[in-house]
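Please look first at the sequence and the fold shown here. The explanation after them is meant for a reader meeting this structure for the first time.

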Amino acid sequence: MELINKYFPNLTPRQREQFAAMPELYREWNAKINVISRKDIDRVEEHHILHSLAIAQTGLIVSGETVLDVGCGGGFPGIPLAVYYPEVQFTLVDSIGKKIRVVQEVAEALGLTNVRAEHCRVEALDGGKSRFDWVVSRAVTDLKTFVGWTWGRTTYGIIYLKGGDLEAEIEQAGRHTEQLPVSTWFDEEFFATKKVLVLPK
């Protein structure tokens with residue numbers, strides 16, 4: 001919890017409790033179903049939980065909104081964001097069933113009532129009909145492909161976590177994209193090349 005407390009000093013006692021429980025829950029589930037690489041599981045707080053919360057630092061998501069996390073894997077960024085935003089409804093989708101099982105188990109263990117987890121491709125979710133205020137994700141594919149999957153599903157836009165030199169990828173995506181360096185908010189070396197990409201509608 002040291003890192004979370006460092007950057008988010010105003011959490012409620014309930015949120016602190018949930019974030020404190022999260023690393024061990026993921027270690028336990030990762031031993032059964034591998035959703036985080038072995039080299040990363042010991043850095044789950046920094047590399048996964050805190051990284052997910054970079055989206056919260058943008059200030060774009062507000063209470064009462066709906067968020068779709070596409071290709072959520074074991075629950076990032078959706079699960080940490082659901083703890084941070086208890087009054088936002090999150091739908092997490094992944095095409096791999098065992099990953100969604102981890103999401104469901106972790107959400108239940110944390111007492112999250114604002115998380116729905118669905119085993120499907122995003123194109124098939126709710127028969128392709130439902131829309132969300134925001135779509136979020138963490139580096140599941142190139143930006144152009146991701147925009148193609150999700151642009152019609154969002155009212156306000158896409159918030160995408162990705163690292164490295166993204167200029168060519170952004171140009172190919174053909175959408176106005178703001179690049180927000182995660183190092184603006186978090187000091188750790190891991191975040192030096194990480195970005196939050198915002199594609200507003």
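The paragraphs that follow treat the sheet, the helices on it, the annotated residues and the nonpolar cores.

This is a predicted model, in which local features need pLDDT of at least 70, side-chain atom pairs count only at pLDDT 80 or more, and totals for chains, interfaces and linings use all residues. Residues are numbered from 1 along each chain as its sequence is written, and side-chain values use heavy atoms, with hydrogens and water left out.

The description begins with an open sheet of 7 strands, in the order β3-β2-β1-β4-β5-β7-β6 and with mixed pairing. Strands (E, at least two residues) and helices (H or I, at least four) are DSSP runs, numbered from the N terminus, and two strands pair if DSSP finds at least two bridges between them. The edges are formed by β3 (115-119) and β6 (178-181); each has a single partner strand, so one side of each is left without a neighbour in the sheet. On average, neighbouring strands are turned by 20° against each other, direction ignored. Axes here are lines fitted to C-alpha atoms, for helices over the stretch in contact, and angles run from 0 to 180 degrees between N-to-C directions.

Both senses of pairing occur in this sheet. Strand β4 (residues 132-138) and strand β5 (residues 154-163) are parallel, with 6 bridges; Arg 138 has Leu 161 of β5 as its bridge partner. By contrast, β5 and β7 run antiparallel and are joined by 7 bridges, with Gly 157 opposite Pro 200 in β7. The pairing of β6 with β7 is also antiparallel, over 4 bridges, and there Pro 181 is partnered by Lys 195 in β7. Of the 7 residues of β7, 6 are buried, where buried means under 20% relative accessible area, exposed over 50%, and partly exposed in between (1.4 Å probe, protein chains only).

Helix α4 touches β4, β5 and β7 (194-200), and its direction makes about 160° with that of β4; contact means heavy atoms within 4.5 Å. Helix α7 (residues 97-109) lies across β2 (89-94) and β3, at about 165° to β3. Ser 52 belongs to α4 (residues 44-52) and counts as buried because its relative accessibility is 0%. Beyond its neighbours within four places in sequence, Ser 52 contacts Phe 76, Pro 77, Pro 80, Leu 81 and Leu 161.

An unreviewed UniProt entry places the feature "binding site" at Gly 71, Phe 76, Val 122, Glu 123 and Arg 138; such annotations may be inferred rather than shown by experiment. Phe 76 is in the loop between β1 (66-70) and α6 (78-84) and counts as buried at 5% relative accessibility. Not counting residues up to four places away in sequence, its contacts include Tyr 26, His 48, Ser 52 and Arg 138. Val 122 is in the loop between β3 and β4 and is likewise buried, with a relative accessible area of 5%.

A nonpolar core is a set of buried Ala, Val, Leu, Ile, Met, Phe, Trp, Tyr and Cys residues joined through side-chain atoms within 4.5 Å. The largest has 51 residues, of which Tyr 26, Ile 61 and Ile 79 touch the most other members. Apart from it lies another core of 19 residues, including Trp 151, Leu 166, Ala 173 and Leu 199.
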